[in-house]
Amino acid sequence: MLTITAPTAYLQQPGLRKQAGEHIKPYARELRILTSPRAWQAVNPGLSHSLESAGIRWQLEYLDGECTDEAIERLRDNVVAQGAQGILALGGGRVMDCAKAAADTLDDVVLINFATLAATCAAWSPFAIVYNAQGGHHHGLLVTKKPALVLVDSEVIAHTDVRYLKAGIVDALAKWFELEPYQRQNPGRLGLDLKVSVARQALEVYAQWGSEAVIANQNQQVTPALEKVIEANIVLAGLANSVHDD
């Protein structure tokens with residue numbers, strides 16, 4: 001059996017935080033926002049004003065530490081207690097993974113991911129990595145609920161430390177080097193062929209645009225090269241993770 005788990009919609013553009021409310025409003029009018037202090041600062045006041053203008057109510061929750069089983073359970077309980085219609089995960093991989101795991105257990109709650117880093121494909125990928133309180137790997141989860149919407153403000157990404165963009169490039173490159181040998185040993189597997197094809201496309205993006213994107217990020221500029229590399233880090237790497245077969 002071949003399955004592909006992917007977000008319903010993906011939107012990436014500079015300044016998106018200032019229009020996010022209009023895109024979120026069709027999905028939920030009452031949000032539980034899971035974020036970190038740094039990520040919340042990076043998108044405001046633009047995001048707050050946008051949510052208010054769209055008539056969206058929200059309560060804020062900071063992820064204190066790692067994505068642990070306890071953090072997932074706490075977020076789930078807080079969403080239920082609030083009566084939120086959706087979870088807005090705003091930040092990097094830890095925030096995304098915690099929100100994905102919590103939303104996966106809540107049938108009537110939509111998940112919206114707003115990535116403020118391009119360091120991993122967590123905003124797209126159907127996997128959540130759970131740690132213990134000391135930061136050690138505990139277990140992984142394959143979630144079944146797909147995000148209703150993934151938002152990326154490339155202007156926010158451009159103002160992050162370039163090491164995050166580089167980390168996302170390495171994360172995506174690793175998928176090619178991990179998957180391609182399996183394809184050679186298992187020819188004709190459609191799921192594996194799809195994964196390798198997407199990983200190869202990311203490789204080609206980095207060969208053409210990678211150096212320019214790193215320079216743009218260092219200069220805090222949104223350029224076509226940076227947009228292409230953000231897409232590769234999040235969408236292409238995430239899609240390679242989203243295809244599964246027996």
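Tutor: Happy to! Let's start with helix H9, which bends by about 35 degrees at Ala232. Keep in mind that this is a predicted model. H9 covers residues 224-242, and at 1.5 Å a residue its 19 residues should span 27 Å; the end C-alpha atoms lie 26 Å apart, so the two values agree. H9 is also mostly covered, with 14 of its 19 residues buried.

Now for the charged pairs: the structure holds nine salt bridges. One of them joins the side chains of Asp153 and Arg17, at 2.8 Å from N to O. This pair links distant parts of the chain, 136 residues apart: Asp153 sits in the loop between strand E9 and helix H6, and Arg17 in the loop between strand E2 and helix H1. Both Asp153 and Arg17 are buried.

Other salt bridges lie within a helix. Asp97 and Lys100 meet at 3.3 Å, N to O; because they are three residues apart in helix H5, about one helical turn separates them. Asp97 and Lys100 are both buried. In helix H7, Asp171 and Lys175 are four residues apart, so they too are separated by about one helical turn, and their closest N and O atoms are 3.2 Å apart. Finally, salt bridges with shared partners join Arg17, Asp153 and Glu155 into one network.

Technical notes. Residues are numbered from 1 along each chain as its sequence is written. This is a predicted model: local features need pLDDT of at least 70, side-chain atom pairs count only at pLDDT 80 or more; totals for chains, interfaces and linings use all residues. Side-chain values use heavy atoms; hydrogens and water are left out. Helices (H or I, at least four residues) and strands (E, at least two) are DSSP runs, numbered from the N terminus. The expected span of a helix is 1.5 Å times one less than its number of residues. The bend at a residue is the angle between axes fitted to the seven residues ending there and the seven starting there. Buried means under 20% relative accessible area, exposed over 50%, partly exposed in between (1.4 Å probe, protein chains only). A salt bridge is a side-chain nitrogen of Lys or Arg within 4 Å of a carboxyl oxygen of Asp or Glu.
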